[in-house]
Amino acid sequence: MKNIYFPDEEITANDLYFVCYMIERTARKLHQHNFYIAEKLGLNGLRHQLSVANVNHCVNPLQIEQDWIDEYDLSFGDFDITDVDRTLAEDIPAPTQIGKVYMRLILGTLLPDEDYAEAILRVYENDICKTIDNYNCSAYYEPSYVIARAYHDGGF
């Protein structure tokens, strides 16, 4: 995918990771599902965020969260991903870890002629995310190829 502001620059996997990480952070803060954040950003917003990710790496993530909330009119919900059974999941994965899970899933299922923004929406709207985001099960720490295969097979 090309940077929309600098067409000679490619969007990197690291830029994709950063956007997935920020989607996770913002969703947790607002008690929303990741798809809600991705959908509200939309294709143009995601393309913009992917194109400025190389600069936003240096910005305080709390500021980016607030900017997204204001810019994309994001609201609070009632889904708390961190509300887990502590006997099943002692440790909740960090947003950085989940950002990597989704980055790898997007890269592992990227379709020909699909850009990262389109892939983000496609992956986050898939039902497999409900399983990945259920920290009472082990899906989120399965190897990337297992998660990608589960995506293609329609479940674990």
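**Stop 1: the cavity**

The structure holds one cavity of 30 Å³ or more. A cavity here is a set of points, on a 1 Å grid over the protein atoms alone, where a 1.4 Å probe fits but cannot get out. The largest cavity has a volume of about 50 Å³. That volume is the space filled by probe spheres set on the points, with grid points joined across faces, edges and corners.

Before you select anything, note that this is a predicted model: local features need pLDDT of at least 70, side-chain atom pairs count only at pLDDT 80 or more, and totals for chains, interfaces and linings use all residues. Residues are numbered from 1 along each chain as its sequence is written, and side-chain values use heavy atoms, with hydrogens and water left out.

Now select the lining: Glu 24, Ala 27, Arg 28, His 31, Gln 32, His 33, Asn 34, Phe 79, Ile 81 and Asp 133. Lining residues have an atom within 4 Å of a point. Which helix gives the most to this lining? Helix α1 (residues 13-30) does, with three residues. Helices are DSSP runs of H or I, at least four residues, numbered from the N terminus. Colour the lining by class and you get three nonpolar, four polar and three charged residues. Ala, Val, Leu, Ile, Met, Phe, Trp, Tyr, Cys and Pro count as nonpolar; Asp, Glu, Lys and Arg count as charged; the others, Gly among them, count as polar.

**Stop 2: along helix α1**

Stay on helix α1 and select Met 22. Buried or exposed? Met 22 counts as buried, because its relative accessibility is 0%. The cut-offs are under 20% relative accessible area for buried, over 50% for exposed, and partly exposed in between (1.4 Å probe, protein chains only). Leaving aside neighbours within four places in sequence, Met 22 is in contact with Pro 61, Ile 64, Glu 65 and Trp 68. Contact means heavy atoms within 4.5 Å. Draw a C-alpha to C-alpha line from Met 22 to Trp 68: they are 9.3 Å apart in space and 46 residues apart in sequence.

**Stop 3: the aromatic pairs**

Next, show the aromatic rings. Rings of Phe, Tyr and Trp (its six-membered ring) pair if their centres lie within 6.5 Å; planes under 30 degrees apart count as stacked, over 60 as edge-to-face and the rest as tilted. By this rule there are five aromatic pairs. Select Tyr 17 and Tyr 21, a stacked pair at 6.2 Å centre to centre with 20° between the planes. These two tyrosines are separated by about one helical turn, because they sit four residues apart in helix α1. Tyr 17 and Tyr 21 are both buried.

Move to Tyr 102 and Tyr 124, a tilted pair with centres 4.6 Å apart and planes at 40°. This pair links distant parts of the chain: Tyr 102 is in helix α4 (residues 95-109), Tyr 124 in helix α5, and 22 residues separate them. Tyr 102 and Tyr 124 are buried.

**Stop 4: Ala 38**

Select Ala 38 in helix α2 (residues 34-56). Ala 38 counts as buried, since its relative accessibility is 0%. Its contacts beyond four places in sequence are Ile 23, Leu 46, Ile 120, Leu 121 and Tyr 124. For a contrast in space, pick Glu 90: from Ala 38 it is 28 Å, C-alpha to C-alpha, and 52 residues along the sequence.

**Stop 5**

Go to Arg 122 in helix α5 (residues 116-124). Arg 122 has a relative accessible area of 14%, so it is buried. What does its side chain meet in a polar contact? The partner is the side chain of Glu 114, at 2.8 Å. A polar contact is a pair of N or O atoms within 3.5 Å; within protein, one must be able to donate a hydrogen and the other to accept it, and residues adjacent in sequence count only if both atoms are side-chain atoms. Not counting residues up to four places away, Arg 122 touches Ile 106, Thr 109, Leu 110, Leu 111, Glu 114 and Tyr 151.

Thr 109, in helix α4, is next. Thr 109 counts as buried at 3% relative accessibility. Among its contacts beyond four places in sequence are Val 123, Ala 148 and His 152.

**Stop 6: two loops**

Most residues other than glycine have a negative phi. Select Asp 113, in the loop between α4 and α5. Its phi is positive, about 65°, although it is not a glycine. Asp 113 counts as exposed at 84% relative accessibility.

Finish at Asp 73, in the loop between α3 (61-71) and α4. Phi of Asp 73 is near 55°, a positive value in a residue other than glycine. Asp 73 is exposed, with a relative accessible area of 58%.

Conventions:
1 Å grid on protein atoms, 1.4 Å probe; cavity = no way out; pocket = protein on both sides within 12 Å on 5 of 7 lines; lining within 4 Å.
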